[in-house]
Amino acid sequence: MAVVDHDSSVPLYARVEAVLAASISDGTFPPGSRLPNENDLIERFAVSRTTIRQTVQNLIRRGLVEIRRGKGTFVTQPKITQELTELSGFVEDMHALGRHPSARLLDKQIVPASESVAHQLALTTGTLVMRIQRVRLADGVPLSFDETYLPRDIGEKVVENDLETEPIFSLLEQKYNLPLVGAEYQLEAVSADADVAQALGISQGSPIFLIERTTYTAGYQPIDYEKLYYRGDQIRFVTHLERRTAPQAQKKMTPQPAAKKEGAVNG
């Protein structure tokens, strides 16, 4: 790792930041590795604690490192790029990207459907439904907090399985013979509230992609409603759009001059 020039006119924290960023870029600190702790960095660069903290905050803003509570500062994985082109589940998506998916089950319980949940599942408000809360991880890094709602009858069957290893989509289709035929997506940018931040191990207020997805089975019957909170610093979504064929412009009708009326020819 290069040393910093203490005689430069560039602010000291920026010089330390440049050295650490270069070490991340050249693989000295590969993705997933832990940076030296604060005291080691102070000694290594012969700078103050304030300078190191400013440096780390700048690296966090650049998306190069993240703080994991109680563990230290780690180099982030490159952002996952996920295409929104077909209906697929988290496990399928991560496998397609060469990542190792896993899950941590937080809660599963029967709850009364709120107005919005009931609307998405075509139920009456207050109807009892199964709510499942999980953290989904890619290569051991928390990527999303998922809140899944299922009609009670199928939900009670689904939760009998190991939801940390078995995807709900696979269970619905392969075990319970409920083919998934399509889904409706809504995606918006939000800030992580206290519950989501705690589940994902990030700071409250961090940027989050919220996807609301209602998935349908045969006959376009809603079977699964999810609120998926994805970390904005870990993933980007892309899609491919085709240009709709432009309607032909209507031809402007130019008024034609009236034909001249010819008179009788005298003989």
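Trainee: Where is the place of Asn177 in the chain?
Mentor: This is a predicted model, in which local features need pLDDT of at least 70, side-chain atom pairs count only at pLDDT 80 or more, and totals for chains, interfaces and linings use all residues. Residues are numbered from 1 along each chain as its sequence is written, and side-chain values use heavy atoms, with hydrogens and water left out. Helices (H or I, at least four residues) and strands (E, at least two) are DSSP runs numbered from the N terminus. Asn177 follows α7, and its place is in the loop between α7 and β7.

Trainee: Is Asn177 buried or exposed, and what is its phi?
Mentor: Buried means under 20% relative accessible area, exposed over 50%, and partly exposed in between, with a 1.4 Å probe and protein chains only. Asn177 has a relative accessible area of 65% and is therefore exposed. Its phi is positive, in a residue other than glycine, with a value near 55°.

Trainee: Which class of accessibility does Asp139 have?
Mentor: Asp139 is found in the loop between β5 and β6, and its phi, near 55°, is a positive value in a residue other than glycine. Because its relative accessibility is 36%, Asp139 counts as partly exposed.

Trainee: How many strands form the open sheet, and in what order?
Mentor: The protein chain has eight helices and 10 strands. Strands of a sheet pair through backbone hydrogen bonds, either parallel or antiparallel, and two strands are taken to pair if DSSP finds at least two bridges between them. In the open sheet the pairing is antiparallel, and six strands form it in the order β4-β5-β6-β9-β8-β7.

Trainee: Which are the edge strands of this sheet?
Mentor: From one strand to the next, the twist averages 15°. An edge strand pairs on one side only, and this applies to β4 (101-112) and β7 (180-191).

Trainee: Over how many bridges do β8 and β9 pair?
Mentor: The two strands form a hairpin with three residues between them, and Gly219 in the turn has a positive phi of about 75°. The pairing of β8 with β9 is antiparallel, and the number of bridges is 10.

Trainee: What is the bridge partner of Phe145 in β9?
Mentor: Nine of the 11 residues of β9 are buried, so this strand is largely enclosed by the rest of the structure. β9 also pairs with β6, in the antiparallel sense, over six bridges. For Phe145, the bridge partner in β9 is Tyr229.

Trainee: Which residue in β8 is the bridge partner of Ser191?
Mentor: β7 and β8 (residues 207-217) pair in the antiparallel sense over 11 bridges. In β8, the residue bridged to Ser191 is Pro207.

Trainee: What angle does the direction of α7 make with that of β9?
Mentor: In α7 (residues 168-175), Ile168, Phe169, Leu171 and Leu172 are buried. Axes are lines fitted to C-alpha atoms, for helices over the stretch in contact (contact means heavy atoms within 4.5 Å), and angles run from 0 to 180 degrees between N-to-C directions. α7 packs on the sheet, touching β5 (128-138), β6 (141-151), β7, β8 and β9 (221-231), and its direction makes with that of β9 an angle of about 160°.

Trainee: Which residues form one aromatic cluster with Phe209?
Mentor: Rings of Phe, Tyr and Trp (its six-membered ring) pair if their centres lie within 6.5 Å, and planes under 30 degrees apart count as stacked, over 60 as edge-to-face and the rest as tilted. A search of the whole structure finds five aromatic pairs, among them the edge-to-face pair of Tyr230 and Phe237, at 5.4 Å centre to centre with 85° between the planes. Tyr230 counts as buried at 4% relative accessibility, as does Phe237 at 17%. The residues that form one aromatic cluster with Phe209 are Tyr230 and Phe237.
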